[in-house]
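Here is a note for a colleague meeting this structure for the first time. Please read the points with the model open.

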Amino acid sequence: MSGVGLWIVVIATGVVCFVTKLLGHVVPQRWLAHPRLQRVNAFVPLALLSALVVAQSVVVHARIVIDHRLAGLCVAVAALWAKLPFLVVVVGAAVTSALVVHLAG
């Protein structure tokens with residue numbers, strides 16, 4: 001992408017973000033207080049964080065890669081599902097990832 005094209009994308013993204021934020025202030029309060037919208041809004045951070053974790057776990061240079069990170073992610077998901085403490089989730093994922101790298105290499 002050329003320098004001009006990159007600046008166009010950056011400026012357009014900034015404008016879209018500004019307009020989105022401005023629209024958030026214009027929306028009537030009674031719309032935002034609707035119970036269905038409140039339930040949906042509660043899941044937005046979870047969905048965004050999940051998408052980020054999956055993208056960082058299986059994508060390298062716009063290609064899907066199955067490697068040690070996916071093994072660590074699977075262990076972390078299983079530990080979260082079992083409602084283990086967060087420290088156990090993180091250490092379990094890290095140890096699993098390290099073991100897969102060690103055994104594969």
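Which residues does Ala93 touch, not counting residues up to four places away in sequence? The answer comes in point 2.

1. Basis of the note. This is a predicted model, where local features need pLDDT of at least 70, side-chain atom pairs count only at pLDDT 80 or more, and totals for chains, interfaces and linings use all residues. Residues are numbered from 1 along each chain as its sequence is written, and side-chain values use heavy atoms, with hydrogens and water left out.

2. Ala93. Ala93 touches Gly72, Val75 and Ala76, leaving out residues up to four places away in sequence. Contact here means heavy atoms within 4.5 Å. Ala93 belongs to helix H5. Helices (H or I, at least four residues) and strands (E, at least two) are DSSP runs, numbered from the N terminus. Ala93 counts as buried because its relative accessibility is 16%. The classes are buried (under 20% relative accessible area), exposed (over 50%) and partly exposed (in between), with a 1.4 Å probe and protein chains only.

3. Thr96 and Ala71. Thr96 also sits in helix H5, which spans residues 86-104. Its relative accessible area is 19%, so Thr96 is buried. Apart from neighbours within four places in sequence, Thr96 is in contact with Ala71, Gly72 and Val75. Ala71 is in helix H4. Ala71 is partly exposed, at 24% relative accessible area. The C-alpha atoms of Ala71 and Val4 are separated by 41 Å, and the two residues are 67 apart along the chain.

4. Ala98. Ala98 is another residue of helix H5. Ala98 is partly exposed, because its relative accessible area is 45%. Its C-alpha atom is 9.6 Å from that of Ala71, 27 residues away along the chain.

5. How do H3 and H4 pack? Two packed helices are described by the angle between their axes and the distance between the axes. Helix H3 (residues 35-58) and helix H4 (residues 68-81) pack at about 145°, with axes 7 Å apart. Axes are lines fitted to C-alpha atoms, for helices over the stretch in contact, and angles run from 0 to 180 degrees between N-to-C directions. From H3, the residues that meet H4 are Val53, Gln56, Ser57 and Val58; from H4 they are Arg69, Leu70 and Leu73. The residues of this contact divide into 4 nonpolar, 2 polar and 1 charged. In this count, Ala, Val, Leu, Ile, Met, Phe, Trp, Tyr, Cys and Pro are nonpolar, Asp, Glu, Lys and Arg are charged, and the others, Gly among them, are polar.

6. Ser57. Is Ser57 buried or exposed? Ser57 is buried, since its relative accessible area is 9%. Ser57 lies in helix H3. Not counting residues up to four places away in sequence, Ser57 touches Val65, Asp67, Arg69, Leu70 and Leu73.

7. Salt bridge. The count is 1 salt bridge, defined as a side-chain nitrogen of Lys or Arg within 4 Å of a carboxyl oxygen of Asp or Glu. The partners are Arg69 and Asp67, at 3.2 Å from N to O. Arg69 is partly exposed, at 23% relative accessible area. Asp67 is partly exposed too, at 24%.

8. Positive phi. Most residues other than glycine have a negative phi. Ala62 has a positive phi, near 65°. Ala62 is in the loop between strand E1 (59-60) and strand E2 (63-64). Its relative accessibility is 77%, so Ala62 counts as exposed. Lys83 also has a positive phi, of about 60°. Lys83 is in the loop between H4 and H5. At 75% relative accessibility, Lys83 counts as exposed.

9. Surface patch. A nonpolar surface patch of about 1300 Å² includes Met1, Trp7, Phe18 and Val26. Patches are made of residues with over 30% relative accessible area and no salt bridge: like charges are joined within 9 Å, nonpolar side chains (Val, Leu, Ile, Met, Phe, Trp, Tyr) within 5 Å. Accessible areas come from the Shrake-Rupley method with a 1.4 Å probe; for residues, only the protein chains shown count as cover. Phe18 is in helix H1 (residues 3-26). Phe18 counts as exposed, because its relative accessibility is 57%.
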